[in-house]
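Hi,

Here is the structure I promised to pass on to you. Have a look at it first, and then read my notes below.

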Amino acid sequence: IRKIGVFTSGGDSPGMNAAIRSVVRTCAYLKVECIGIYRGYQGMIEGDFKPMGARSVNNIINKGGTILKSARCQEFRTKEGRQKAYDNLIAAGIDAFVVIGGDGSFTGAMIFNQEFDFPVIGIPGTIDNDIFGTTFTLGFDTALNTVVEAIDKIRDTASSHNRLFFVEVMGRDVGHIALNAGVGAGAEEILIPEENLGRERLLESLKRSKESGKSSSIVIVAEGDKTGKNIFELKDYVEDNFPDYDVRVSVLGHMQRGGSPSCYDRVLASRMGVKAVESLLEGKTNLMVGIQDNEIILTPINKAIKGHTKIDKELIRVSDIMSI
Ligand code: ADP
C-alpha cells in the first residue's frame with residue numbers, strides 16, 4: 001500500500017479533525033502518501049482530492065467539525081456511483097482508505113470493499129456512541145461535556161423560578177447521551193428509548209420529589225424516547241396533571257455536535273488514527289478500530305454495523321438511587 005485516502009462521512013462529530021490529523025501524520029511517519037478526500041463519498045465520486053502532508057493538518061486538533069467536510073451521498077448507494085468512485089481512486093493511485101463516520105458510512109465502505117476488493121478501515125465518529133465494537137465513539141465524550149454544561153446553566157434558571165425543565169438531547173435510537181449526561185448533570189429523571197416506564201410513573205416520581213422538598217427539577221429526554229409523542233406533548237401532559245409546576249422545554253439540538261473536542265476525544269482520535277493506518281499497512285481490511293478496556297482493538301466492520309450497543313443497566317440503577 002503506497003497511497004491512503006482519508007475522509008469524513010455522514011453526521012459530523014468533534015474529534016474528526018484530530019482523527020484526520022492522526023491518519024495524515026501516521027502516513028507521513030511511515031512514509032506512505034496520504035490524500036484527503038473532500039465531502040465523503042460525494043467527493044470520491046467527483047474526484048475532489050487533495051494531497052495531505054504532516055504540515056497540512058497543523059492547528060486542527062482543537063477544532064470541531066471536519067476540515068475535509070462531510071456529506072450524505074445518494075449516488076454512492078448505486079453501483080454506477082461506486083464504480084465512478086473506484087475509477088477516481090485508481091486514477092489517483094489511491095489503494096486503500098480510512099473512513100471516519102458512522103453506521104451508514106461503514107455500510108458503504110463494506111459494500112465497496114466487497115465489490116472491488118478495496119482495502120478499507122473505519123474509525124467510529126459519531127456523538128451517539130451507538131456503534132458496536134467500541135466503548136467510546138469519537139465525539140461522545142465532548143457531547144456529554146457540552147450537554148452537562150448546558151444543563152448546569154438551565155439548572156440555575158430552573159431553581160430561581162421553581163420550574164420543571166424538560167431538556168431534549170440527541171439520540172434517536174439510543175439513550176447513551178441522555179443517561180450519561182443525565183447522571184453527570186444530576187437530572188431527576190432520564191427518559192431513554194431503551195426503557196419506557198410510562199408517563200404515570202414519571203408523574204408519580206415528580207410528585208414524590210416535590211413532596212420531598214425539591215423546588216425545581218430537570219428531566220432529560222432522549223430524542224427517540226417514546227414516553228410522550230414528543231417532548232412538547234409530554235410537557236402538556238405533565239402540566240395538565242401536575243399544575244404545581246411551571247414546565248419549560250429546552251431542545252439542545254445541533255450545538256451538541258459542535259465545539260472543541262475534549263482531551264479524551266483528542267487522545268482517542270490520535271490512537272485510532274495510528275491503528276487504522278498501521279492495520280492497512282499490515283494488509284488488514286474491512287475492520288473498524290475501537291477501544292475496549294483502554295486498548296485499541298479491531299472489529300469486523302459488518303459486526304460493527306449489525307451489532308447493537310447495550311445501555312448501561314448499572315448506570316440506570318445509579319441514576320435511580322441519585323434521584324431519591
Ligand atoms: P452515518 O455514517 O453518520 O451513519 P449516513 O447513514 O448518512 O451517515 O451514511 C453516510 C453515507 O454513507 C451515505 O450518504 C451514503 O453515501 C453512504 N451509505 C450509507 N448506506 C449505504 C449503503 N447501504 N450503500 C452504499 N452507501 C451507503
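**What I found**

L191 has V221, in β8, as its bridge partner. Please keep in mind that this is a predicted model.

Strand β7 and strand β8 (residues 217-222) run parallel and are joined by three bridges. They belong to an open sheet of four strands, ordered β7-β8-β6-β9, with parallel pairing. At the edges are β7 (189-191) and β9 (246-251), each of which pairs on one side only. From one strand to the next, the twist averages 20 degrees. If strand pairing is new to you: strands of a sheet pair through backbone hydrogen bonds, either parallel or antiparallel.

Now for the helices. Helix α6 (residues 176-185) lies across β6 (163-169), β7 and β8, and runs at about 165 degrees to β8. Helix α8 (residues 231-241) also packs on the sheet, where it touches β6, β8 and β9. The direction of α8 makes about 170 degrees with that of β9.

Where does D128 lie? Look in the loop between β5 (120-124) and α5 (140-161). Is D128 buried or exposed? D128 counts as buried because 28 other C-beta atoms lie within 10 Å, and the cut-off for buried is 20 or more. Leaving aside neighbours within four places in sequence, D128 is in contact with M170, G171, V174, H176 and I177.

Enjoy exploring!

Best wishes

Notes. Residues numbered from 1 in each chain as written. Predicted model: local features only at pLDDT ≥ 70, side-chain atom pairs only at ≥ 80, totals over all residues. Helix = DSSP H or I, 4+ residues; strand = E, 2+ residues; numbered from the N terminus. Buried ≥ 20, exposed ≤ 12 C-beta atoms within 10 Å, placed from the backbone. Contact = placed C-beta atoms within 7 Å. Pairing = 2+ DSSP bridges. Axes fitted to C-alpha atoms, helices over the stretch in contact; angles between N-to-C directions.
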